[in-house]
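Q: Could we go through this structure together? I would like to start with how the terms are set.

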Amino acid sequence: MAAHFSSISTASRSSFSPNRSIPPHRWHRTLFNFNFFNEFQTPKILSVRTQYPSSEPRNSSIVSKANGLEAGCGSEEGKDSSSTSSVIDFLTLCHSLKSTKRKGWVNHKIVGPESIADHMYRMALMALIVEDLPGVNRERCIKIAIVHDIAEAIVGDITPNDGVPKAEKSRMEQEALDEMCTILGGGLRAEEIKELWTEYETNSTLEANLVKDFDKVEMILQALEYEKEHGKVLDEFFISTAGKIQTEIGKRWAAEIHSRRNSKLGNKP
């Protein structure tokens, strides 16, 4: 195999408002260049390039070329699947979902708070164990739960206390999602991620309704656990979800959590 050089390049990206308290490392991305000298040798990393956001508007597209072809193009197989290097780049970016702590807990000075990935994982478990419901595809619910906060790998965990308008938050996350899908190399899997994320964002299906409820139920369950572990009263999280749960199963699960909390606090139901 002749020597080839694959590269990933991107235009500069817009920085967030200086008043935002999102740590710079959430915008950090490491990109790898590989060179194959012949078919009997393993790939060698020739360079590691680290990018941080600049103050200039970014171009949301990232051009990725492998063996002289744009990622996801050039062959029938390539059109439907990402290259191996693109997959690893995407998964590396998703690492920040494991390392970024949920800001609501950080703001309340919870020691060792859950990460974004922790939150999404238990939501996915909720979708896995929920009873069969008329018209609801449980497998799709699991997928939505896994991707619903995926854009936070780039933008971080934006909370209502950050003062970011809902429309602006959605725009930022959409831009981040598009970039992540470009890093993945496009194709069917990237399109599926976009579709699942949009479905959740627009709350447009029964599955999205249910996963929206899981998002709230998981949060108040976590709040109850932190109240027990740290001796805190975290009313804010229970108040913020009151009256906002859409499905009967979500309401039942939330009622059970509230009942257990009332027993702990000595409150009347």
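A: Patches are made of residues with over 30% relative accessible area and no salt bridge, where like charges are joined within 9 Å and nonpolar side chains (Val, Leu, Ile, Met, Phe, Trp, Tyr) within 5 Å. A salt bridge is a side-chain nitrogen of Lys or Arg within 4 Å of a carboxyl oxygen of Asp or Glu. Accessible areas come from the Shrake-Rupley method with a 1.4 Å probe, and for residues only the protein chains shown count as cover.

Q: Which residues form a nonpolar patch on the surface?
A: The patch consists of Tyr121, Leu125, Leu128 and Ile129, with about 420 Å² of accessible area together.

Q: What kind of model is this, and how are residues numbered?
A: The model is predicted: local features need pLDDT of at least 70, side-chain atom pairs count only at pLDDT 80 or more, and totals for chains, interfaces and linings use all residues. Residues are numbered from 1 along each chain as its sequence is written, and side-chain values use heavy atoms, with hydrogens and water left out.

Q: How many helices and strands are there?
A: The protein has eleven helices and six strands. Both are DSSP runs numbered from the N terminus, helices being H or I with at least four residues and strands E with at least two.

Q: Back to Tyr121: buried or exposed?
A: Tyr121, a residue of helix 4, is exposed, its relative accessible area being 55%. Buried means under 20% relative accessible area, exposed over 50%, and partly exposed in between (1.4 Å probe, protein chains only). Tyr121 and Ile129 are exposed residues on the face of helix 4 turned away from its buried side.

Q: Which residues of helix 4 are buried, then?
A: They are Ile116, His119, Met120, Met123, Ala124, Met126 and Ala127. These residues cover an arc of only 155 degrees around the axis, so they sit on the same side of helix 4. The arc is that of the directions from the helix axis to the C-beta atoms.

Q: What do they pack against?
A: The buried residues of helix 4 pack against helix 2 (84-99), helix 5 (138-147), helix 6 (152-155), helix 9 (206-230) and helix 11 (248-265).

Q: What about His119: which residues does it touch?
A: Leaving aside residues up to four places away in sequence, His119 touches Arg102, Glu114, His148, Asp149, Asp215 and Glu218. Contact means heavy atoms within 4.5 Å. His119 is buried, with a relative accessible area of 0%.

Q: And Asp213, where is that found?
A: Asp213 is in helix 9 and is buried, with a relative accessible area of 0%. Its C-alpha atom is separated by 5.5 Å from that of Gly250, 37 residues apart along the chain. Not counting residues up to four places away in sequence, Asp213 touches Lys244, Ile245, Gln246, Thr247 and Gly250.

Q: Changing topic to the backbone: what is phi of Lys109?
A: Phi of Lys109 is near 60 degrees, a positive value in a residue other than glycine. Lys109 is placed in the loop between helix 3 (103-107) and helix 4, and it is exposed, with a relative accessible area of 67%.

Q: And phi of Asn203?
A: For Asn203, phi is near 55 degrees, a positive value in a residue other than glycine. Asn203 lies in the loop between helix 8 (188-202) and helix 9, and is partly exposed at 28% relative accessible area.
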